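Keep the structure open as you read.

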Amino acid sequence: MIDLRSDTVTKPDDEMREAARTAEVGDDVYGEDPTVNELEARAADAVGKAAALYVPSGTMGNQIAARVHTERGQEVLADRESHVVKYELGGLAQHADLQVRTYDADRGVPSPEQVATARVAEDLHRPGTGLLCLENTHNARGGLAIAPERIAAAAEAARERDVPVHLDGARVFNAATALDAPATDVTDPVDSVMFCLSKGLGAPVGSMLAGSEEFVERARRVRKLFGGGLRQAGIVAAPGLHALENVDDLATDHENARLLADGLAAVDGFDVQSPETNIVLADIEGTGLETETVLERLRDRDVLASAFGPTTLRFCTHRDVSRENIEAAIDAIEAAFGAT
Ligand SMILES: *Cc1c(COP(=O)(O)O)cnc(C)c1O
């Protein structure tokens with residue numbers, strides 16, 4: 001099987017398994033796991049923040065951030081296509097008692113004017129805006145790598161109104177790679193950032209939530225509240241240290257995504273969005289088939305993709321698929337649907 005459903009399917013390599021086996025550990029709830037402590041320090045450095053917290057998943061990282069930044073009943077501003085809105089089970093309401101005010105914006109980033117308009121000032125009738133949440137790369141819009149200037153302009157508009165800014169940077173190193181910029185350029189304008197070790201970077205478990213010392217101290221309490229305080233977590237954090245070394249490999253995934261997109265563009269009925277990172281979206285309406293039928297035909301030829309909308313498929317490249325795998329996948333898809 002050539003599994004292009006997600007970069008979360010990457011399996012830990014031998015080095016990561018060995019790192020897990022030999023990790024020095026302690027009780028991380030007591031702050032005594034040296035491996036976790038090292039990972040948190042390195043992760044904070046990588047995104048230019050004062051501190052970072054190891055969390056079991058990206059979703060938990062985003063939810064903790066929302067809880068820490070806001071007060072009960074406030075509004076969160078988020079793109080209507082964002083992960084926090086579409087794929088976190090309404091957690092902002094469940095975990096932080098927040099109401100979401102969505103906006104629709106080019107590349108998922110609101111203009112300063114949109115921030116000003118969407119922001120709600122607290123008064124007798126309105127709860128006040130507690131947080132702006134941005135996403136980079138933007139998953140549902142096709143793995144878009146958002147330029148730091150765009151992030152900074154939106155963040156500044158929020159900050160001017162005392163609204164803090166969280167970045168869902170699940171794939172922030174993919175963004176930095178595509179923009180050929182240091183990750184810190186992308187994360188500088190925001191107050192907090194979450195990124196995943198468990199996606200393209202290849203770790204089996206975990207994400208990092210970074211921000212100021214005070215933010216992370218509060219986040220640590222909320223992590224415990226949400227049941228995410230782990231004990232000898234160094235076992236799963238050790239592969240994360242290796243994952244941070246894999247950032248340079250993401251460029252290969254992006255090359256493979258471009259190769260795949262070029263191949264898919266020639267397939268009958270496929271309308272392909274030009275990829276910026278490791279995600280390729282294809283609209284398959286032109287095949288005249290249901291998404292599930294298209295996925296089944298791919299599966300019959302040993303290629304896996306994800307349904308990503310009524311007529312959209314997502315293909316995601318990652319470190320466990322090679323250039324040869326991509327070429328084989330293109331051949332298989334052409335054979336299934338015909339090509340121009
Ligand atoms: C995957 C993802 C998350 C959540 O990460 P999990 O570890 O799967 O919970 C959050 N935001 C974006 C944009 C993602 O792609």
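Start with Lys199. Leaving aside neighbours within four places in sequence, Lys199 is in contact with Asp7, Thr8, Thr10, Ala170 and Arg171. This is a predicted model. Lys199 sits in the loop between β7 and β8 (207–211). Lys199 is buried, yet has no salt bridge. The nearest side chain of opposite charge is Asp7, 5.5 Å away. A salt bridge needs a side-chain nitrogen of Lys or Arg within 4 Å of a carboxyl oxygen of Asp or Glu.

**The largest pocket**

Lys199 also belongs to the lining of the largest pocket. That pocket holds about 160 Å³ of space. Its lining has 18 residues. Nearest the centre lie His83, Ala170, Met194, Cys196 and Lys199. Two elements give two or more residues to this lining: α3 (58–69) and β7 (192–196). Of these, α3 gives the most, with three residues. By type, the lining divides into four nonpolar, nine polar and five charged residues.

**Salt bridges**

Side chains of opposite charge can pair when their charged atoms come close. The structure holds 21 salt bridges.

| Pair | N to O distance |
|---|---|
| Arg171 and Asp7 | 2.8 Å |
| Arg231 and Asp27 | 3.2 Å |
| Glu75 and Arg101 | 2.6 Å |

What does the salt bridge between Arg171 and Asp7 tie together? Arg171 lies in the loop between β6 (165–168) and α8 (172–179), and Asp7 in the loop between β1 (2–3) and α1 (14–22), so the pair links parts that are 164 residues apart in sequence. Both Arg171 and Asp7 are buried.

Now take the salt bridge between Arg231 and Asp27. Arg231 is in the loop between α10 (213–225) and α11 (234–243), while Asp27 is in the loop between α1 and α2 (34–46), so this pair ties together parts that are 204 residues apart in sequence. Arg231 counts as partly exposed, at 39% relative accessibility. Asp27 is buried, with a relative accessible area of 15%.

The salt bridge between Glu75 and Arg101 comes next. Glu75 lies in strand β3 (residues 75–79) and Arg101 in strand β4 (residues 99–103), so the pair ties together parts that are 26 residues apart in sequence. Is Glu75 buried or exposed? Glu75 is buried, because its relative accessible area is 3%. Arg101 has 34% relative accessibility, so Arg101 counts as partly exposed.

Salt bridges can also share partners. Here they join Asp79, Arg80, Glu81, Lys86, Asp104 and Arg141 into one network.

Terms used: Residues numbered from 1 in each chain as written. Predicted model: local features only at pLDDT ≥ 70, side-chain atom pairs only at ≥ 80, totals over all residues. Heavy atoms only, no water. 1 Å grid on protein atoms, 1.4 Å probe; cavity = no way out; pocket = protein on both sides within 12 Å on 5 of 7 lines; lining within 4 Å. Points joined across faces, edges and corners; volume = space filled by probe spheres on them. Helix = DSSP H or I, 4+ residues; strand = E, 2+ residues; numbered from the N terminus. Nonpolar A, V, L, I, M, F, W, Y, C, P; charged D, E, K, R; others polar. Buried < 20%, exposed > 50% of the residue type's maximum accessible area, 1.4 Å probe, protein only. Lys, Arg positive; Asp, Glu negative; His and termini not counted. Contact = heavy atoms within 4.5 Å.
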